[in-house]
Every structure is written in C-alpha cells, then in structure tokens.
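This report describes a single protein chain for a reader who has not seen it before. Please look over the sequence and the structure below, then read on.

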Amino acid sequence: MVSQYEKFGNLILVQKQTTNDGEEGDSSFSLRFLLGQRDEVLEIYAKELAERICGSSDKALLLAICLKEKSPQTFLQILEGINQVCVW
C-alpha cells in the first residue's frame with residue numbers, strides 16, 4: 001500500500017507474463033485496475049514496483065496506490081522506502 005491519504009485508492013492487480021521461450025529477460029507485466037480509474041502514471045509506478053517487489057517470482061501482486069502528488073521526486077521517495085523495508 002502506497003498512500004498519502006491513508007486510504008487504499010486505486011487497487012491494481014499486477015501479473016508477470018513471460019514469453020513463449022521462457023527467457024527471464026523477456027518478461028512483461030499485465031495490469032488490471034480493480035478499483036479506481038486507469039491512470040498512465042500509476043501504470044508506470046505499478047510496473048516498476050512489481051519489478052522491484054516480485055523480481056523473478058511469478059506470483060501476482062495486488063497494489064493499493066493513492067497519491068496526492070505524482071511527481072518523479074515522489075516516486076523516487078517511494079522506491080527508497082520500498083528498498084528500506086524489503087521483506088520479500
């Protein structure tokens with residue numbers, strides 16, 4: 001959960017998809033907005049967060065993102081926070 005409002009905001013389901021040959025470097029993510037409106041900036045954030053959190057795992061990730069400010073500086077702070085509490 002990434003929030004500046006102390007609410008869930010958009011719920012985004014992120015699933016890793018690999019190519020037919022199964023090579024690790026050729027993976028992408030499919031996004032499905034379960035709650036909230038589709039937002040291009042949040043799509044970018046969700047893919048980057050999934051890459052950092054899921055890594056090589058094929059498990060799905062459910063993200064809750066609710067931000068006041070969607071600037072690059074804010075996102076860098078989010079990534080720093082994610083790296084500090086890396087429990088996966």
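## Ser-28 and its contacts

Apart from its neighbours within four places in sequence, Ser-28 is in contact with Gln-15, Lys-16 and Gln-17, where contact means heavy atoms within 4.5 Å. Ser-28 belongs to strand β3. Between Ser-28 and Gln-17 there are 11 residues in sequence and 5.3 Å in space, C-alpha to C-alpha. Ser-28 counts as partly exposed, at 38% relative accessibility; buried means under 20% relative accessible area, exposed over 50%, and partly exposed in between, with a 1.4 Å probe and protein chains only.

## Basis of the model

The model is predicted, so local features need pLDDT of at least 70 and side-chain atom pairs count only at pLDDT 80 or more, while totals for chains, interfaces and linings use all residues. Residues are numbered from 1 along each chain as its sequence is written, and side-chain values use heavy atoms, with hydrogens and water left out.

## The chain as a whole

The chain has two helices and four strands, and from the N terminus on its elements run β-β-β-α-β-α. Helices (H or I, at least four residues) and strands (E, at least two) are DSSP runs, numbered from the N terminus.

Of the 88 residues of the chain, 34% count as buried. Among contacts between residues at least 6 apart in sequence, 60% join residues at least 24 apart.

## The two helices

Helix α1 covers residues 40-54 and helix α2 residues 72-84; they pack at an angle of about 20°, with their axes 11 Å apart. Because of that angle, α1 is roughly parallel to α2. Angles under 35 degrees count as roughly parallel, over 145 as roughly antiparallel, 65 to 115 as roughly perpendicular and the rest as oblique. The axes are lines fitted to C-alpha atoms, for helices over the stretch in contact, and angles run from 0 to 180 degrees between N-to-C directions.

On the α1 side, the contact is made by Tyr-45, Glu-48, Leu-49, Arg-52 and Ile-53. Pro-72, Phe-75, Ile-78, Leu-79, Ile-82 and Asn-83 make it on the α2 side. These residues divide into eight nonpolar, one polar and two charged. Here Ala, Val, Leu, Ile, Met, Phe, Trp, Tyr, Cys and Pro count as nonpolar, Asp, Glu, Lys and Arg as charged, and the others, Gly among them, as polar.

## Leu-79 in helix α2

Leu-79 lies in helix α2 and is buried, with a relative accessible area of 6%. Leaving aside neighbours within four places in sequence, Leu-79 contacts Glu-48, Leu-49 and Arg-52. Leu-79 and Tyr-45 are 34 residues apart in sequence, and their C-alpha atoms are 9.5 Å apart in space.

## Two loop residues

Asp-39 is found in the loop between β3 (27-35) and α1. With a relative accessible area of 18%, Asp-39 is buried. Its side chain makes a polar contact with the side chain of Lys-70, at 2.4 Å. A polar contact is a pair of N or O atoms within 3.5 Å; within protein, one must be able to donate a hydrogen and the other to accept it, and residues adjacent in sequence count only if both atoms are side-chain atoms. Not counting residues up to four places away in sequence, Asp-39 touches Phe-33 and Lys-70.

Glu-6 is placed in the loop between β1 (2-3) and β2 (10-18). Glu-6 counts as exposed, at 77% relative accessibility. Although Glu-6 is not a glycine, it has a positive phi of about 60°.
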